[in-house]
Amino acid sequence: MKRTFSNVASYLKPYGHLAVYAVSLLAFYAFIRILGVAVYHDVIDMAEVPRLFFNGMRVDISGLGYILALPVLLAFIRCVSPKSVGIPVLIAERLYLLLLGILVIFMELCTLPFMEEYACRPNRIFLEYLLYPSEVTGLLLKGHLAAVVVVNLLMIFVFIFLLRCLKKIEYVKVPVKSTVFAVFILVGGLTFVAARSSFDHRPFNLAKASFSTNQIVNALVANSGYSLASSVKSMLAEKSVSYKMLQEDEIISIIRDDTGFDYSVATDKQPTLNSLVASEKGARKNIVIILEESLGAEYVGYLNGSNLTPNLDKIYSEGWGFINMYSTGTRSVRGIEAVTAGFTPTVNTSTVKREKAQKNFFNMASVLKKNGYHSSFIYGGESHFDNMRAFFLGNDYTQVIDLNDFSNPMYVGSWGASDEDLFNKALEHFDEMNSKGQPFYSLVFTSSNHDPFDIVESFAGKVRNRETAVRYADYALGKFYEEVKSRPYFKDTVFLVIADHDSRAWGNELILVKHFHIPAVFFGGGIEHKSEFHVVSQIDVPKTLLSLAGISATVPTVGYDLTNLPSGFDGRAILQFYNNFAYLKDDGTLVMVLPDEKVSFCKYDFENRSVSDGMVNEKLEKTALAYALLGEIAYRKGFFLMK
């Protein structure tokens with residue numbers, strides 16, 4: 001008996017280091033979760049912690065199953081091969097385990113700094129930022145220097161430690177008998193079962209591991225390598241998550257009934273086409289959108305925020321201000337597609353980056369070009385970031401003005417020229433257009449209020465934080481507001497100040513509603529002071545601006561013209577956070593559409609900015625599902641392609 005056991009053990013020896021490797025990574029994953037629970041203990045229900053760790057271990061074991069599949073195969077080849085083959089295979093195995101170990105540990109070390117900003121594990125955002133090394137380097141060195149230093153020092157130690165450990169793996173050859181194949185099948189089978197981690201029809205995934213209504217808890221359940229790999233898979237597949245499904249014709253029918261627009265111009269290929277009849281009947285006006293970076297309602301005094309924006313408050317007191325405007329997402333490109341094209345959000349990346357939207361994609365510029373307007377995008381940074389330059393130039397913008405076009409800017413930070421420089425450049429451009437008698441539309445995108453808050457030293461002094469950055473962004477906006485009011489074209493131009501999103505989507509709810517609340521106020525062009533209290537969305541912006549400018553058009557967006565709301569209008573907003581989608585109504589009804597065909601009914605308290613349980617409403621569930629599914633169908637079927 002002892003001899004039999006000894007023989008089996010000798011056949012298991014070539015795989016022994018993989019067991020040590022797996023247990024070590026499991027321990028490190030658990031350590032990072034413990035740190036996460038400690039950091040976020042005040043927003044976590046401790047009763048959920050045991051399940052958090054149990055589901056987390058399941059994620060880790062599944063991930064390790066995928067990681068160890070190749071080393072198991074290499075170990076088998078090595079132990080049955082002559083030394084001339086076995087040694088090169090051993091070197092390849094060591095190299096693979098070294099690189100994977102470094103990657104796994106690096107991702108885990110990045111987890112808490114990343115979660116501090118985004119309240120989720122590294123995902124597609126992490127990957128997308130890697131495409132812009134200069135911007136990211138500036139952000140890290142100026143805003144997160146301590147974290148960069150600590151992580152790099154730890155990674156040097158990890159590299160040396162792993163290298164020494166992996167050198168101890170020996171070349172072991174075993175007799176080629178039936179036992180060696182039986183052991184390989186056993187070990188390989190265990191690896192396969194670990195990776196699949198389920199005997200159901202579908203293998204294990206992160207949606208199955210998520211169990212809490214607390215976003216932080218679900219983030220901690222995952223490990224960062226698994227989260228990133230899932231994002232890569234999603235990006236490659238570009239498929240919708242597993243929401244409850246509706247047929248396309250039912251989606252279109254629900255949307256049409258909900259909006260009540262004139263769809264007589266719709267076609268089979270473009271079923272959301274509808275007629276916009278402008279409310280402004282006089283001379284056509286110029287249009288300027290000032291898209292404020294990361295300026296959530298939480299900072300705006302007029303919106304019961306923290307009183308950091310006296311100049312924006314003044315604009316609210318003089319213009320047409322929206323008290324309950326909500327962003328569609330938490331990224332700038334998400335705000336851009338909504339504000340300029342009225343496109344509903346999807347779980348996939350924004351249309352600003354997607355292939356089918358790089359030409360002939362409906363947006364305000366495509367309408368205004370037909371009406372003789374000059375359209376421009378004005379940005380203080382590098383316009384290639386997030387593919388903005390290519391998207392705008394491919395979709396009827398006449399000109400892109402970015403940092404390369406600024407002459408002697410007073411201050412250039414990590415994200416480009418200061419907001420003061422940006423507004424000066426914008427005024428210069430508007431003056432030029434006016435002098436030529438050229439009607440114009442401009443999207444002016446600020447950047448000073450962006451981590452690492454690298455702003456004008458004379459304003460910030462030694463204090464560079466979110467509060468100072470918001471104050472500076474407001475200061476620059478105030479200077480622009482006073483300047484542009486003196487221009488002769490002010491009365492002939494409709495201006496909109498609106499945020500792309502809040503500064504961060506931080507919190508423990510599945511949908512962080514309060515962090516989607518943003519300012520939006522129209523001014524100029526004969527606009528009188530009033531306030532709108534209905535819940536509205538960024539997708540309502542394009543129609544509203546075109547209407548105020550006196551431009552009637554045929555459009556595919558299902559946003560509203562806020563100048564001409566239907567009788568009995570019941571406001572709504574559309575929110576998307578990672579894989580979660582929400583539909584918010586005037587009365588606080590909140591329908592959350594979640595992966596794995598889950599739907600949750602909640603109630604949002606606008607005063608306390610909190611979410612509680614709500615009543616089931618089957619009609620609203622279908623409406624929410626229709627909006628959640630519309631964007632991806634519209635992109636794939638080309639509803640917004642205007643030839």
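How many of the six residues of strand 13 (residues 572-577) are buried?

## An enclosed strand

Six of the six are, so strand 13 is largely enclosed by the rest of the structure; buried here means under 20% relative accessible area, exposed means over 50%, and partly exposed lies in between (1.4 Å probe, protein chains only). Both faces are covered: Arg 572, Ile 574 and Gln 576 are buried on one side, and Ala 573, Leu 575 and Phe 577 on the other. Helices (H or I, at least four residues) and strands (E, at least two) are DSSP runs numbered from the N terminus.

Strand 13 runs antiparallel to strand 14 (residues 580-585), joined to it by six bridges; two strands count as paired if DSSP finds at least two bridges between them. Across this pair, Leu 575 faces Ala 582 of strand 14. The hairpin they form has two residues between the strands, and Tyr 578 adopts a positive phi near 60° there.

## About the model

Please keep in mind that this is a predicted model, in which local features need pLDDT of at least 70 and side-chain atom pairs count only at pLDDT 80 or more, while totals for chains, interfaces and linings use all residues. Residues are numbered from 1 along each chain as its sequence is written, and side-chain values use heavy atoms, leaving out hydrogens and water.

Elsewhere, eight strands form an open sheet with mixed pairing, in the order 5-4-8-2-9-10-3-11. Its edges are strand 5 (399-401) and strand 11 (530-537), each of which pairs on one side only. From one strand to the next, the twist averages 15°; axes are lines fitted to C-alpha atoms, for helices over the stretch in contact, and angles run from 0 to 180 degrees between N-to-C directions.

Strand 4 (residues 374-379) pairs in the parallel sense with strand 8 (residues 440-445) over six bridges, and Phe 440 of strand 8 is the bridge partner of His 374. Helix 17 (residues 419-435) packs on the sheet, touching strand 2 (286-292), strand 4, strand 5 and strand 8, with its direction at about 175° to that of strand 8; contact means heavy atoms within 4.5 Å. Helix 13 (residues 310-318) lies across strand 3 (320-326), strand 9 (493-499) and strand 10 (517-524), at about 55° to strand 10.

Helix 7 (residues 145-167) supplies the largest share of a nonpolar patch, seven residues. Leu 153 lies in this helix and counts as exposed because its relative accessibility is 55%.
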